[in-house]
There are 2 protein chains.
Amino acid sequence: MDVAILCFDDFTDIDVFLMWDLLNRVEHPGWRVRLLGDATHHTSVTGLTIPMHGHVREAVDAAAVVVTSGPGARAKLADEAYLGALRLDPGRQRVGSMCSGALLLAKLGLLAGKRATTYPTQRERLAAMGVEVVEEAFVREGNVATAAGCLAALDLAGWIIEELAGEEQRAVVLRSVQPVGRGLSFASDQRLPTRIYGAAAGR
Amino acid sequence: MDVAILCFDDFTDIDVFLMWDLLNRVEHPGWRVRLLGDATHHTSVTGLTIPMHGHVREAVDAAAVVVTSGPGARAKLADEAYLGALRLDPGRQRVGSMCSGALLLAKLGLLAGKRATTYPTQRERLAAMGVEVVEEAFVREGNVATAAGCLAALDLAGWIIEELAGEEQRAVVLRSVQPVGRGLSFASDQRLPTRIYGAAAGR
C-alpha cells in the first residue's frame, strides 16, 4: 500500500517533511511512503536538496496522494508536461493537499464547486479557480481533502492514516509527536511507533 | 549570525526538519541556518539522505546550537571523535536539544544537576546521567534548554529566535505555521515570513 507525497523544486520544507515523518510512523502491512517528483532530486525553498523515490506519473498507483506546497506548486500550474503526468482518481484514491497544493488540485478539476482551504496568501487565487474557499484548517469532501497552515499536516496525515490503516494507528502516530506534558506523557504503558522508537515502544 | 543544527545518521526526521524550517523563516541581519555533521551527507531513520553545510567542529562558532535526536544520537554517546569535535559553550552560546539530543548535552556535562526533559523512551537513561528529568515540553536553565516531543520544536525554536532576533520575529515565525483558523487567519494585515511567502506577506 503506497502513499505518495508529490514534490517539486521550491517546495515548502515543512509541508513535505512533516507529512513524510508522520506517514512513516505507520505500522501496517505493505505500507510504503514515497516522494514523487519529475527529477531525481528536488530542492526546497530554503535550499535543501532531497532524493525522490519515483516519478510523479507513479502517483496513479498510490492508495493516497498528498500534493505539497510552496512557490514550486504555483510554477507547476503552468507546466503542461507535469500536469499531463499527474493522474489522480478520487474514485479509488484518497487525495489531499497542503497549503498552496490546493491550487494544483483545482487545476486538475478536483475542487470544482467544492469547499476547500489553502494558505492565506493563496486564498484569492484559489477562489478565482471556482472553489469555495473557507477559513478552516482541514476540509474534506469525500475522498478529497485540503489542509492549510503547516501544522494542519496532522489533520491531513491523520485522515489518511485512519482511512487506510485504522483509528488506532492514527492515535499512536499523532500522540507520538505531541510535546511532553501536552499530549505525550512519561507513562510507560503508552504505545509509540516502533519504527522510530524501537520495539520496546510498541507495547 | 549562525544557528547550527547538529545531525548524524539515523536522526529523527521531524526533529531536524521542523527546526530547520522554523529557523529559516527568521528575517534578521546575517541570520544563517546550517546543518552540521561528521560526513558530507546524513541519512535519517526513515532513509532520507540530506547534505550537510559543514562539520560539527564548526558548532563552536554559532550563536545557537540545536542537538537533534534519534537512534543516531545514542550512537554518538560512544563516539569519542565526535564528542571531541563538539565544543559547546553556554557562556556565549544558546544551546538546546530536541528529545534524545538531551543525552548528548548530558554527556558533555551541560546538564549536571539541572532540570531537563527528553523523549519518554529515554527518560531513565537521562536520569542515570545525573539529570533531574521532568515531564515538561520545554525546560530552560540559563542558556541551555531541552525540549521533548517533536512539536516542542516550536518552544525551542521560539526561544532561540526571541533571544537572537527578538520577540516580533518569534511571533511572526510561530504564527506562520499554525493551522488556518487555529492561530493563522485569512486576515490580509497579518505579517508572514517573506522568505517563504514572498514580499507581499511582509506587510
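Is E163(A) buried, exposed or partly exposed? E163(A) counts as partly exposed, because its relative accessibility is 29%. Buried means under 20% relative accessible area, exposed over 50%, and partly exposed in between, with a 1.4 Å probe and protein chains only.

Some ground rules before we go on. This is a predicted model, where local features need pLDDT of at least 70, side-chain atom pairs count only at pLDDT 80 or more, and totals for chains, interfaces and linings use all residues. Residues are numbered from 1 along each chain as its sequence is written, chains are lettered from A and ligands numbered from 1 in the order in which they are written, and side-chain values use heavy atoms, with hydrogens and water left out.

Back to E163(A). Its side chain meets that of R140(A) in a salt bridge, 3.6 Å from N to O. A salt bridge here is a side-chain nitrogen of Lys or Arg within 4 Å of a carboxyl oxygen of Asp or Glu. The pair links distant parts of the chain: E163(A) is in helix α6 and R140(A) in strand β10, 23 residues apart. Helices (H or I, at least four residues) and strands (E, at least two) are DSSP runs, numbered from the N terminus. R140(A) is partly exposed too, at 42% relative accessibility.

Over all chains, the count comes to 26 salt bridges. Now one that crosses. D155(A) and R182(B) meet at 2.8 Å, N to O. D155(A) lies in helix α6 of chain A and R182(B) in the loop between α7 and α8 of chain B, so the pair joins two chains. D155(A) counts as buried at 18%, while R182(B) is partly exposed at 46%.

How do the two copies relate? Chain A can be laid on chain B with an RMSD of 0.0 Å, by a turn of 180° and a shift of 0.0 Å along the axis. The two copies are thus related as by a two-fold rotation axis. Superposition is by least squares on the C-alpha atoms of residues with pLDDT of at least 70 in both. As for the interface, 100% of the interface residues of chain A are also interface residues in chain B, so the copies meet through the same surface.

Next, the sheet in chain B. It is open, has 7 strands and mixed pairing, and runs β5-β2-β1-β6-β7-β11-β10. Strands pair if DSSP finds at least two bridges between them. The edge strands are β5 and β10, each pairing on one side only. Helix α6 of chain B packs on this sheet, touching β1, β6, β7, β10 and β11. Contact means heavy atoms within 4.5 Å. Inside the sheet, β6 and β7 pair in the parallel sense over 4 bridges. The bridge partner of A64(B) is R94(B), in β7(B).

Last topic: aromatics. The whole structure holds 7 aromatic pairs over all chains. Rings of Phe, Tyr and Trp (its six-membered ring) pair if their centres lie within 6.5 Å; planes under 30 degrees apart count as stacked, over 60 as edge-to-face and the rest as tilted. F11(B) and F17(B) have ring centres 5.8 Å apart and planes at 75°, so the pair is edge-to-face. Both F11(B) and F17(B) are buried. Together with F11(A) and F17(A), they form one aromatic cluster. F138(B) and W159(B) make a tilted pair, 6.2 Å centre to centre with 55° between the planes. That pair links strand β10 to helix α6 of chain B, 21 residues apart. F138(B) is partly exposed at 22%; W159(B) is buried at 5%.

Note on methods:
Axes fitted to C-alpha atoms, helices over the stretch in contact; angles between N-to-C directions.
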